Every structure is written in structure tokens, then in C-alpha cells.
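Trainee: I am new to this structure and would like a close look at a single part, the sheet. Could you take me through it slowly and in connected form?

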Amino acid sequence: SSGINAEYGTDMRVQNNVTMDRGPNKTLDETYVCIEPNTGVVIDGHKRVQINIEIQHFNVTGVLNHVYPSFIPIIAVDEHGSITQDLAAKLRSTLLTPLALIHYGYWVLVFTRSILK
């Protein structure tokens, strides 16, 4: 599973045999990255990973004689990163404002040329 909950995005065999405190939730379990399209700068992102251990019935030891096959979460990691408001403002002023000026300037030139013809 790529999410933090083994039930989210996995096959039914795992979903039916996992021990969890809560059910799958796309908002809480999904890994995502928000990227600024002009520069490729990562604006916001979450990487969520969970490691599970599979428990199976085992006749040799008394401890696992009466265990149903299941998956038990051992560790869950939720990493988050995003740019600060100051960096977002700087990105806006150094990139988006000039791009908007170029875009509007282009249309001003097109309009001016069409009038002068």
C-alpha cells in the first residue's frame, strides 16, 4: 500500500485481514505532491508510509496456534512539507507577476497591431 492505512488502495485479501483502529480515509491516507507548473517547485506535499507485519497460523509454537492470518501495523510515517508564506509571496512576485505582464503585453501588442493595419 502506498498510503498510511493498509486498507486504502490495496487488494481485498489485505483489506479483509488487517487490524486497524479506523477504516481507510483518502484525505488522511493518500500521498500527494502539489507542484508549481512553471518552475516545478514543490509547494506542498505529504508522504505517508506504513509498514505492516503479516501474522499467520503456525502449529509449531503455542503462541500462534489460534491466530487468524492478518496484518498488524508496526510503524506509520507521515512526512509533510510546504513552502512558507514568505517564500510563496516571493515566488509570486518573481515569477507570476512577470508572466502576467508578458501575457498581457502580448495581447496589447496584438491589439495595437490590429488597429494600425
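Mentor: Let us begin with the terms: strands are DSSP runs of E with at least two residues, numbered from the N terminus, and two strands pair if DSSP finds at least two bridges between them. What you see is a predicted model, in which local features need pLDDT of at least 70 and side-chain atom pairs count only at pLDDT 80 or more, while totals for chains, interfaces and linings use all residues. Residues are numbered from 1 along each chain as its sequence is written, and side-chain values use heavy atoms, with hydrogens and water left out.

With those terms in hand, strand E2, which covers residues 42–55, pairs with E3 in the antiparallel sense over 12 bridges. Within the sheet, Lys 47 has Glu 79 of E3 standing opposite. On the other pairing, E1 and E2 run antiparallel and are joined by 4 bridges, and Cys 34 has Asp 44 in E2 as its bridge partner. The hairpin of E1 and E2 has 6 residues between the strands, and in this hairpin Gly 40 takes a positive phi near 80 degrees.

Taken as a whole, the sheet is open and consists of 3 strands in the order E1-E2-E3, with antiparallel pairing. Strand E1 (32–35) and strand E3 (70–82) stand at the edges with a single partner strand each, so one side of each is left without a neighbour in the sheet. Neighbouring strands are turned by 10 degrees against each other on average, direction ignored, where the axes are lines fitted to C-alpha atoms and angles run from 0 to 180 degrees between N-to-C directions.

Now consider the side chains. A salt bridge is a side-chain nitrogen of Lys or Arg within 4 Å of a carboxyl oxygen of Asp or Glu, and a search of the whole structure finds 1. This salt bridge is formed by Asp 78 with Arg 48, whose closest N and O atoms are 3.4 Å apart. Asp 78 lies in strand E3 and Arg 48 in strand E2, so the pair ties together parts that are 30 residues apart in sequence. As for accessibility, buried means under 20% relative accessible area, exposed over 50%, and partly exposed in between, with a 1.4 Å probe and protein chains only. Arg 48 is buried at 6%, whereas Asp 78 is partly exposed at 43%.

E2 and E3 each supply at least two residues of the patch, and E3 gives the most, with 4 residues.
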